[in-house]
Amino acid sequence: MLSRLALRSELFRVAPFCASVRFTQTKPAVTTSNESIIVPGFPKPNGQTQPNPFDGPERDLVNFPRMVRLEEPAKTRYLFVPEEWFEIFYKKTGVTGPYVFAAGITTYVLSKEIWVVDHEFPYVLATIGMFYLGWKKFGKSVAEYLDKEIDSYEADCNSSRASEVDYLKEIIEKQKKEIWRTEAQKHIMQAKRENISIQLETIYRERALQVYNQVKRRLDYQLELANLTRTVQQRHMVNWIIENVMKSLTSDQEKQSFKKCMVDLQALAAKA
């Protein structure tokens, strides 16, 4: 009996005894899709919630939740008696309930000689005293040693998991980078479209300049042709007029015109 109660001391990490106690008052069962195994951010199949394969359709997680191992020891009284036992009695009998119950049980086992007090009974007290002294002297150091061993064992167990998590995180970061690079394709395509538009604009302007040069060259040709035609016509008209005038003049008119010219030249020379 004492060995069982000793397991509830601070040297051990066990679930509280009251966790196994069920009260008569219950709540309605709730069907839940436990997503504890769902990785946050991971796409769900067909856009639906992924159910936990370990939960049946009638699994009642409200009235019968999963047991969780305590990381810290439960509070105790008198070295080994769990605090939960006193709290259970407080709700029914008040503060004196657990002490009356313990006294009644002790009286019962002693009166019925279930626990026989003989000449070796002082050894029980001595053993309890030794356990108490040992707990006071070595309990903290032993607890720290066991905690370190548990942490080391847990770290070894989680090392592979942690490495896999780190590997998956690295893959996620690479996928995010690839997504970012894919988003950059929009800007690249826009730049390519603008580049093609600039090339088309350049070709359009080159061809428009070619058309302008061709039209200007043809207009210049027509202008030069018109000027040449006018010049030829004027030259022909002047030559024709001179020839007709020369034909109409006589020798006497030529001599009079020559004399008139000479007189005019002499008058101009005198003035100069």
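Student: What percentage of the 272 residues in the protein chain is buried?

Tutor: This is a predicted model, in which local features need pLDDT of at least 70, side-chain atom pairs count only at pLDDT 80 or more, and totals for chains, interfaces and linings use all residues. Residues are numbered from 1 along each chain as its sequence is written, and side-chain values use heavy atoms, with hydrogens and water left out. Buried means under 20% relative accessible area, exposed over 50%, and partly exposed in between (1.4 Å probe, protein chains only). Of the 272 residues in the protein chain, the buried share is 8%.

Student: In what order do the elements of the protein chain run from the N terminus?

Tutor: Helices (H or I, at least four residues) and strands (E, at least two) are DSSP runs, numbered from the N terminus. The protein chain has five helices and two strands. From the N terminus, the order is α-β-β-α-α-α-α.

Student: Is D151 buried or partly exposed?

Tutor: D151 belongs to helix α4, which covers residues 121–248. Its relative accessibility is 48%, so D151 counts as partly exposed.

Student: Which class of accessibility does W240 fall into?

Tutor: W240 also lies in helix α4. Because its relative accessibility is 48%, W240 is classed as partly exposed.

Student: How many disulfides does a search of the whole structure find?

Tutor: A disulfide is a pair of cysteine sulfur atoms within 2.5 Å. C157 counts as partly exposed because its relative accessibility is 39%, and C261 does so at 43%. The number of disulfides found in the whole structure is zero.
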